[in-house]
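Please open the structure in a viewer and keep the selection tool at hand.

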Amino acid sequence: MSGSEPASTVTAWPGAAAGRRLVGDPPYEHPGASTLMRTVPFGPTGRNAANIVAGMMRISGSTDEEIRALYTAAREAGVDVFDHADIYGGERHLCERMFGRAVTLTPSEREQIMLQSKTGIIAGESYYDSSYEHIVTSAEESLTALGTDYLDVLLIHRPDALVEPDEVARAFDDLEASGKVRAFGVSNHTPRQIDLLRTAVTQPITVNQIQLSITHSTVVAQGLASNMAGEEDSVTRDGGGILDYCRLHGITVQAWSPFQKGVEPGVFLGADEYPQLNAELDRLAAAYDVTPTAVATAWITRHPAGMQVVLGTTRPERIGEAAAGSDLPLTRAEWYGLLKAAGHTIP
Ligand SMILES: NC(=O)c1ccc[n+]([C@@H]2O[C@H](COP(=O)([O-])OP(=O)(O)OC[C@H]3O[C@@H](n4cnc5c(N)ncnc54)[C@H](OP(=O)(O)O)[C@@H]3O)[C@@H](O)[C@H]2O)c1
């Protein structure tokens, strides 16, 4: 990404230079803060961000023009966080490279958005690597691919059974000190795995990106059924209460695959296996004068954890549809009704 505009005079969010925000610092509205969508605190950084994020995992089949159209639609809808990973696209850093080539940003435009990436999965060989060398090298390669000087956020993509918290901490410290990464987080981590990292990592964990949709809602359903013997939902798979843990620690939950069925590939929207759910989505869509996509988005944004929904669409028009669910005030009855219609028992 490049631009003819002189270097931006907009100061980066406070965590950037000084390391981090101090308790008691006033909330900080970054220059590109969305006025079109509901914003939520972005972890404990003091920065807010729109509660809809544009995920870039599926853009490898798009042309430069299509990527630009997707980016423009996202910005026009109020999206200010763009989610990447080193592995997106199959070939390492492919989607990041395509985004960096297609989207030209002036320095001030760059300051108005957040580029988030991930590291730690060795895709072709199916293993995880959270070593110092891998984290630092992968982050530096992401910068080159995206054509930017810094990542706003770097996430550890999946828990690594061989994790050495001290090494992760050293990598985060060096990336922060060199200005290459401004904030850090995790993805698919349990409370205990985050606690383990926190024994050495001193930066706040800003984000935990986890799979969550109405039909893949174990992290919600477990809490409801925790004491219901014999209920499949009572089986704890996440170490217990990941949503509560994130709320307790000010970690922003990002919901990935918000419209996917879950275990099976494909979206639940319009799928024959979910007649009750789709009937309920259609009913609420008509009542609120939005699309079922907006209602499915609102099922996540309505949760008081202040979650962000990470969209995976490659179609500009679907970003606008989802954005209509950014601040849709589903009632408690409607919210629980959707969970029930997806097949969960409300004890
Ligand atoms: N942290 C992790 O481990 C992890 C894992 C997976 C994904 N992610 C992140 O989360 C983002 C979202 O994941 P996702 O792509 O699985 O999410 P998604 O938004 O649930 O799914 C997107 C896919 O569903 C299709 N789709 C959306 N609405 C549809 C509809 N109404 N009818 C038919 N098809 C529809 C899209 O097709 P069109 O393109 O045609 O709209 C696209 O292929 C990714 O881009 C990535 O950034 C993170």
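The stops that follow treat the ligand, the pockets and a cavity in turn.

**Before starting**

Please bear in mind that this is a predicted model.

**Stop 1: the ligand and its shell**

Select the ligand first, then display the residues around the ligand. There are 25 of them, and the closest are R58, D83, T313, T314 and R318. Colouring this shell by class gives 10 nonpolar, 10 polar and 5 charged residues.

**Stop 2: polar atoms facing the ligand**

Which residue has a side-chain N or O atom 2.8 Å from a nitrogen atom of the ligand? Select S187 to find that side chain. How much of the ligand's accessible area does the protein cover? Of the 920 Å² that the ligand has on its own, the protein covers 85%.

Next, select M57 and show its backbone. Here a backbone N or O atom is placed 3.2 Å from an oxygen atom of the ligand. Then turn to H157, where a polar side-chain atom is found 3.5 Å from an oxygen atom of the ligand.

**Stop 3: the largest pocket**

Where does the ligand sit? Its site is the largest pocket. The volume of this pocket is about 550 Å³. The lining of the largest pocket comprises 27 residues, and those closest to the pocket centre are M57, R58, S257, Q260 and G312. By class, the lining of the largest pocket consists of 11 nonpolar, 11 polar and 5 charged residues.

**Stop 4: the second largest pocket**

Now select V220, L224, L243, H303 and W335. These residues lie nearest the centre of the second largest pocket, which has 20 lining residues. Helices to display alongside them are α8 (218-224), α9 (242-249) and α13 (332-341), the elements that each give two or more residues to this lining. Which element supplies the largest share of the lining of the second largest pocket? That element is α8, with 5 residues. The second largest pocket has a volume of about 420 Å³, and its lining divides into 8 nonpolar, 7 polar and 5 charged residues.

**Stop 5**

For the second largest cavity, select V53, A54, G55, M56, L70, L311, T313 and I319, which line it. The space in the second largest cavity is about 30 Å³. Strand β3 (residues 52-55) provides the largest share of this lining, 3 residues. The lining of the second largest cavity has 6 nonpolar and 2 polar residues, and no charged ones.

Conventions. Residues numbered from 1 in each chain as written. Predicted model: local features only at pLDDT ≥ 70, side-chain atom pairs only at ≥ 80, totals over all residues. Heavy atoms only, no water. Near = heavy atom within 4 Å. Polar contact = N/O pair within 3.5 Å; in protein donor to acceptor, adjacent residues only side chain to side chain. Areas by Shrake-Rupley, 256 points an atom, 1.4 Å probe, with all protein chains shown as cover. 1 Å grid on protein atoms, 1.4 Å probe; cavity = no way out; pocket = protein on both sides within 12 Å on 5 of 7 lines; lining within 4 Å. Sits in = over half its atoms within 2 Å of the grid points. Nonpolar A, V, L, I, M, F, W, Y, C, P; charged D, E, K, R; others polar. Points joined across faces, edges and corners; volume = space filled by probe spheres on them. Helix = DSSP H or I, 4+ residues; strand = E, 2+ residues; numbered from the N terminus.
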